[in-house]
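Reader: I am new to this structure and would be grateful for a guided reading of it. May I begin once the sequence and the model are shown?

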Amino acid sequence: SRPGVATYTVPRNDSSSIQPKHPLIGLMLATGDYFYYDWSAWMMLSHMGIAASSRNCNLRLLDNITLTPENIEGVIENNYLDALFCGNVTDVEIIRRAAGKVPVVTFDSDPVEGVSSVVTNWLPAARQFYELLLRENRRRLLLLIGVEAPLSQCLQEINDDSIAIEHLRYPTAEGLVHLRERLKSNPPDAIIGGGGSEVIALFKELGIDPRRDCLLTAYIGRPHDGVQLHDGLGGCFRLPYVGASKLAAELLHERLFSEKVQIRHETCDAEFILKP
C-alpha cells in the first residue's frame, strides 16, 4: 500500500461479513474442557455439525474452556451465538442460563423445563441383548458401567431374575486387577462396557474368545468401516448419532425460525450390533 493509505481486510469466516447472515450455532459437549475427542464424542459433534450446516447454519465449537453457570452467558455473547447445542451436559444450571440467552437443544443431557431435547432410548437395544443372552444360555452378566447408566437401568428393569447381573468398578487400576482375577478363576458369560484396549488385551492374553467364550460387548462401540466390529469385541451398543443429530438440528431450526415457540422432547433408539 502507498504511504498514508491503510489496508483493511475482513476475515473470511467473520460472521458479520456473511450475507445473508446465517445463524451461528455453538456446539458444546459436557463442559467444553476436552483436551481431545474420542471416536464417540467426535461422532456426536461431527454429525450434529453436518445436520446443522445442511440447514444453512454456521458452527462454532466451544472447547478449550471450562463452561460453568457463571460464565456460560458471557461465552454466548462473546462468541456471537444465535443458538446452542448441548450434548451430555449434566449441570442443569448451565443449560437453564444458556436457554435464557438463546434457543437451546440438548442431547442426552439432564432435562430442563422449557428446553427442547433429544434423548437416547436404550430399552429396545437392551431387550435385544437380554434376549440374546437367554437364547445362548448366558446367565451371568458382568457390567463394567455404572449402575446409574441408562443401559444398566434398562437391563435391571427387564431382568426377571433369569440372569445374575453384577457390577465391577472399572476402569480403575484396582478394577482391572479384579477383572483379571475374575476372568482367570470364574469368568462370566458376558461383559458390557469392555470396549477399552486394556480389556481387549486381557482377553487376548488369557485366550478368551470375545464372542464364543465370554460375550465382550462395548457400551459405545467403534465399528470399523461403519459396520465391521473391532476384532477384539463380540458386540457393541451404539448411540443414534445420525438420527439424533438430524432431530436436534430440526428442533433448533424450529426454535430459530418458527413464529410459534414449541418445546419438543424426542427420542432415538440405540443399536445393538452383534458379531456374526
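Reader: Which residue of β5 does Phe107 stand opposite?

Author: This is a predicted model, in which local features need pLDDT of at least 70 and side-chain atom pairs count only at pLDDT 80 or more, while totals for chains, interfaces and linings use all residues. Residues are numbered from 1 along each chain as its sequence is written, and side-chain values use heavy atoms, with hydrogens and water left out. Strands here are DSSP runs (E, at least two residues) and helices are runs of H or I with at least four residues, numbered from the N terminus. Strands β4 and β5 (residues 116-121) run parallel and are joined by three bridges; in β5, the residue opposite Phe107 is Val118.

Reader: What is the handedness of the β-α-β crossover from β3 to β4?

Author: Between β3 and β4 the chain passes through helix α3 (residues 92-99). A crossover is right-handed if, with the strands pointing away from the viewer, the path from the first strand over the helix to the second runs clockwise. This crossover is right-handed.

Reader: Are the residues of β4 that point one way and the other buried or exposed?

Author: Buried means under 20% relative accessible area, exposed over 50%, and partly exposed in between (1.4 Å probe, protein chains only). From strand β4 (residues 104-107), Val104 and Thr106 point one way, whereas Val105 and Phe107 point the other way. All of them are buried.

Reader: Which strands stand at the edges of the open sheet?

Author: The open sheet has six strands with parallel pairing, in the order β2-β1-β3-β4-β5-β11. Each edge strand has a single partner, so one side of it is left without a neighbour in the sheet. The edges are β2 (58-61) and β11 (265-269).

Reader: What angle does the direction of α1 make with that of β1?

Author: Axes are lines fitted to C-alpha atoms, for helices over the stretch in contact, and angles run from 0 to 180 degrees between N-to-C directions. Helix α1 (residues 39-53) packs on the sheet and touches β1 (24-29), β2, β3 and β4, where contact means heavy atoms within 4.5 Å. The angle with β1 is about 165°.

Reader: Is Asn88 buried, partly exposed or exposed?

Author: Asn88 is found in the loop between β3 and α3. Leaving out residues up to four places away in sequence, Asn88 touches Leu29, Ala30, Met44, Phe107, Asp108 and Ser109. Its relative accessibility is 33%, so Asn88 counts as partly exposed.

Reader: How many residues does the largest nonpolar core have?

Author: A nonpolar core is a set of buried Ala, Val, Leu, Ile, Met, Phe, Trp, Tyr and Cys residues joined through side-chain atoms within 4.5 Å. In the largest one, the residues with the most contacts inside it are Phe129, Leu141, Leu151, Leu155 and Ile192. A second, separate core of 18 residues includes Leu24, Val89, Ala98 and Val104. The largest core has 49 residues.

Conventions
Two strands pair if DSSP finds at least two bridges between them.
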